[in-house]
Amino acid sequence: MRSAALYYTGCEDDHYQPHFLDSCFLCHRTLSHKSDIFMYRGNTPFCSQECRQEQIEIDESTEKKWKLSSSKKSNSVRKTTDSAKESDTKKAVRIGTVAVS
């Protein structure tokens with residue numbers, strides 16, 4: 001029975017998935033179980049306050065870029081819709097005629 005347990009342990013090494021607290025999310029330094037681990041946004045570990053702060057700044061700049069790009073897109077959609085409305089009001093419509101192209 002003991003050899004079966006060793007065989008099973010050997011197979012487990014082939015598919016080893018590191019634990020999320022094994023290394024820093026940003027710099028990938030190994031985290032010690034005897035030192036502080038700095039967490040951010042749930043399950044994101046960091047080795048120091050500096051690494052965590054750098055990730056916070058990266059996330060904030062990414063969010064600002066997304067907001068800017070989405071506001072530019074919504075502004076262009078509004079302009080297109082406004083110009084379409086203006087062109088629709090300038091069209092002459094004849095009731096009772098059929099146009100075939």
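This is a predicted model: local features need pLDDT of at least 70, side-chain atom pairs count only at pLDDT 80 or more; totals for chains, interfaces and linings use all residues.
1. The nonpolar core. The largest nonpolar core has 8 residues in all: Cys24, Leu31, Phe38, Tyr40, Phe46, Cys47, Cys51 and Ile56. Two elements give two or more residues to this core, namely strand S1 (38-40) and helix H2 (49-89). As background, nonpolar side chains in soluble globular proteins tend to be buried together.

2. The structure holds 2 aromatic pairs. In one of them, the ring centres of phenylalanine 25 and phenylalanine 46 are 6.0 Å apart and the planes stand at 75°, so the pair is edge-to-face. Because phenylalanine 25 lies in the loop between H1 and S1 and phenylalanine 46 in strand S2, the pair ties together parts that are 21 residues apart in sequence. Phenylalanine 25 is partly exposed, at 46% relative accessibility, whereas phenylalanine 46 is buried, with a relative accessible area of 0%.

3. The other aromatic pair. Tyrosine 40 and phenylalanine 46 also form an aromatic pair, with 6.4 Å from centre to centre and 55° between the planes, and this pair is tilted. Tyrosine 40 is buried, with a relative accessible area of 14%. Phe25, Tyr40 and Phe46 form one aromatic cluster. Tyr40 and Phe46 are also among the residues of the nonpolar core in point 1.

4. Threonine 44. This residue lies in strand S2, which covers residues 44-46. Threonine 44 has a relative accessible area of 16%, below the 20% cut-off, and therefore counts as buried. Not counting residues up to four places away in sequence, threonine 44 touches Phe25, Phe38 and Met39. Phe25 belongs to the aromatic cluster, and Phe38 is one of the core residues.

5. Cysteine 27. The loop between helix H1 (2-14) and S1 holds cysteine 27. Its relative accessibility is 34%, so cysteine 27 counts as partly exposed. Leaving aside neighbours within four places in sequence, cysteine 27 is in contact with Cys47 and Cys51, and both of these partners are listed in the core. The C-alpha atoms of cysteine 27 and cysteine 51 are separated by 7.4 Å, while the two residues are 24 residues apart along the chain.

6. Aspartate 59. Helix H2 contains aspartate 59. At 16% relative accessibility, aspartate 59 counts as buried. With residues up to four places away in sequence not counted, aspartate 59 touches Tyr40 and Arg41. Tyr40 is the tyrosine of the tilted pair with phenylalanine 46.

Terms used: Residues are numbered from 1 along each chain as its sequence is written. Side-chain values use heavy atoms; hydrogens and water are left out. Helices (H or I, at least four residues) and strands (E, at least two) are DSSP runs, numbered from the N terminus. Buried means under 20% relative accessible area, exposed over 50%, partly exposed in between (1.4 Å probe, protein chains only). Contact means heavy atoms within 4.5 Å. A nonpolar core is a set of buried Ala, Val, Leu, Ile, Met, Phe, Trp, Tyr and Cys residues joined through side-chain atoms within 4.5 Å. Rings of Phe, Tyr and Trp (its six-membered ring) pair if their centres lie within 6.5 Å; planes under 30 degrees apart count as stacked, over 60 as edge-to-face and the rest as tilted.
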